[in-house]
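Look at the fold before reading on.

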Amino acid sequence: MRSSNPSHTGDGQKIVHSRHPTDDRPHHPHGDRRLLRVILAVPVVLLTVVSAFFLWLAVNTRPDGDWDQAAYGGIELGSALAVVSAGAVGALWLAPSVRRVMWWPWVVPAVVLGVAAVARWVSSGA
């Protein structure tokens with residue numbers, strides 16, 4: 001069985017084990033979280049932008065009259081796609097590993113867009 005003490009040669013000199021130069025750097029756990037936050041921010045931001053786009057389409061679509069079923073269908077579709085993309089952000093954030101890295105302010109814009117899309121969908125009158 002080996003001892004945990006460093007080895008010695010017979011003439012009183014210690015044997016120095018070579019180490020990789022990166023082993024001497026201190027490890028920063030917050031640096032890992034920062035990188036993971038940047039990686040996870042990509043889908044969160046993209047899905048939030050997609051949700052905002054579909055909500056913008058739903059809000060800016062105006063039917064010409066009660067007979068304009070195509071416009072009402074467009075409002076419903078835009079609202080539904082906005083809700084789905086905002087819900088995807090919320091579902092991603094619900095994962096415990098994501099919540100440890102990304103705090104709730106990251107999902108607030110998507111939740112607000114999702115609520116506004118539901119309000120537009122309900123108020124479309126189709």
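Helices (H or I, at least four residues) and strands (E, at least two) are DSSP runs, numbered from the N terminus. On that basis the protein has four helices and zero strands. The order from the N terminus is α-α-α-α.

The model is predicted: local features need pLDDT of at least 70, side-chain atom pairs count only at pLDDT 80 or more, and totals for chains, interfaces and linings use all residues. Residues are numbered from 1 along each chain as its sequence is written, and side-chain values use heavy atoms, with hydrogens and water left out.

**Overall figures**

Accessible areas come from the Shrake-Rupley method with a 1.4 Å probe; for residues, only the protein chains shown count as cover. The accessible surface of the protein is about 9,200 Å². Carbon and sulfur atoms hold 66% of that surface. Buried means under 20% relative accessible area, exposed over 50%, and partly exposed in between (1.4 Å probe, protein chains only). Of the 126 residues in the protein, 24% are buried. Contact means heavy atoms within 4.5 Å. Among contacts with a separation of 6 or more, 70% join residues 24 or more positions apart.

**Helix α2**

Helix α2 covers residues 69-93, 25 residues in total. The expected span of a helix is 1.5 Å times one less than its number of residues. From first C-alpha to last, α2 reaches 36 Å, close to the 36 Å expected. Its buried residues include A71, Y72, I75, G78 and S79. A80, A82, S85, A86 and V89 are also buried in α2. An α-helix has 3.6 residues a turn, so residues three or four places apart point the same way.

**Packing between helices**

| Residue | Helix | Relative accessible area | Contacts |
|---|---|---|---|
| T48 | α1 | 14% | V89, P109, A110, L113 |
| S51 | α1 | 0% | A82, S85, A86, L113 |
| A117 | α4 | 0% | L55, S79, A82, V83 |

A117 also lies 7.4 Å from A80, C-alpha to C-alpha, although the two are 37 residues apart in sequence.

**The nonpolar core**

A nonpolar core is a set of buried Ala, Val, Leu, Ile, Met, Phe, Trp, Tyr and Cys residues joined through side-chain atoms within 4.5 Å. Which residues make up the largest nonpolar core? There are 10 in all: L40, A41, V44, A86, V89, V98, V101, M102, V107 and A110. The most come from α1, with three residues. V101, a member of this core, is in contact with R33, L36 and R37, leaving aside its neighbours within four places in sequence.

**The surface patch**

Patches are made of residues with over 30% relative accessible area and no salt bridge; like charges are joined within 9 Å, nonpolar side chains (Val, Leu, Ile, Met, Phe, Trp, Tyr) within 5 Å. A salt bridge is a side-chain nitrogen of Lys or Arg within 4 Å of a carboxyl oxygen of Asp or Glu. V45, V49, W103, W104, W106, V108 and V112 form a nonpolar patch on the surface. Together they have about 690 Å² of accessible area. Helices α1 (29-60) and α4 (108-123) are the elements that give two or more residues to this patch. V108 sits in α4 and is partly exposed, at 34% relative accessible area.
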